[in-house]
Amino acid sequence: MRVITLSLFAATSAVAAAPVAAQIQDAVSIEGTRLEIMATGESTQVPDLVIINAGVVTEAPTAQAALAQNASQMRSVLAALRQAGIAERDIQTASINLNPRYDYGNDRAPQLVGYNASNQLTIRFREIEQSGPIIDALVAQGVNQINGPSLQIEDPDDALDAARRDALTQARARADIYASALGMQVTRIVAVSESGNSRPPMPMAMRAQAESDASTQIVPGEQSLNVTLSVVFELQ
């Protein structure tokens, strides 16, 4: 039995490999030449989910006052989210923090001058075109910290399956090329293993429009999903 191993990758974005996701192995011995090809399939899809972290930070001379002011502003924020139609399951408290503030003067001990209170929420939007106005409404209600958005594909299974088919098609086409060059034919696929699937993180995509329409705009773009397969063929 002759063994030929080829490592060929499609031109896709460089991303970290995920753990092994699937493997199919044929236990029957190989009578001809063994040819192993690696191929990366890609599928693109417009993200349909945006996730942001939004928070309220307040300052006051006492801890109780800082927390009370924070709670009051957060009630307005939660009311605005519900009025915008955000489901309760898509609103989650991420963290609540209370920290002292000190004045560090020269040649004296630090003096306590007040407290900072913060309440952070994780919020999910499924209508991306509405997320800009929602962010603006949150800011109007007292949100003074925003991180994100993170644009994601909520259900990536169909896109990943398309990437798997693309990888398998590439592998078979390359196997035919090498078989022809060797004066042989591909008789069967002996083994298939999936080394992982990955999605590159989407960068923040917020921008302000012209002054006449100074609302926040979210630009979804496209997201690429990649799957790498190792396919072993038998040539005779």
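**Burial, pairing and rings in a predicted model**

Of the 236 residues of the protein, 36% count as buried. The model discussed here is predicted.

Q: What makes up the protein in terms of helices and strands?
A: The protein contains three helices and eleven strands. Along the sequence, these follow the pattern β-β-β-β-α-β-β-α-β-α-β-β-β-β.

Q: Why is strand S11 called largely enclosed by the rest of the structure?
A: A residue is buried when its relative accessible area is under 20%. In S11 (residues 223–235), 13 of the 13 residues are buried, so the strand is largely enclosed. Both of its faces are covered: buried residues include Leu225, Val227 and Phe233 on one side, and Thr228, Val232 and Glu234 on the other.

Q: How do you know that strand S3 pairs with S11?
A: Two strands pair if at least two bridges are found between them. Strand S3 (residues 33–45) is joined to S11 by 13 bridges, and the two run antiparallel.

Q: How many aromatic pairs are counted?
A: The count comes to one aromatic pair. The ring centres of tyrosine 102 and tyrosine 104 lie 6.2 Å apart, and the cut-off is within 6.5 Å.

Q: Why is the pair of tyrosine 102 and tyrosine 104 called tilted?
A: Planes under 30 degrees apart count as stacked and over 60 as edge-to-face, with the rest tilted. The planes of these two rings stand at 55 degrees, so the pair is tilted.

Q: What makes tyrosine 104 count as exposed?
A: Exposed means over 50% relative accessible area, and tyrosine 104 has 60%, so it counts as exposed. Tyrosine 102, at 40%, is partly exposed.

Technical notes. Residues are numbered from 1 along each chain as its sequence is written. This is a predicted model: local features need pLDDT of at least 70, side-chain atom pairs count only at pLDDT 80 or more; totals for chains, interfaces and linings use all residues. Side-chain values use heavy atoms; hydrogens and water are left out. Buried means under 20% relative accessible area, exposed over 50%, partly exposed in between (1.4 Å probe, protein chains only). Helices (H or I, at least four residues) and strands (E, at least two) are DSSP runs, numbered from the N terminus. Rings of Phe, Tyr and Trp (its six-membered ring) pair if their centres lie within 6.5 Å; planes under 30 degrees apart count as stacked, over 60 as edge-to-face and the rest as tilted.
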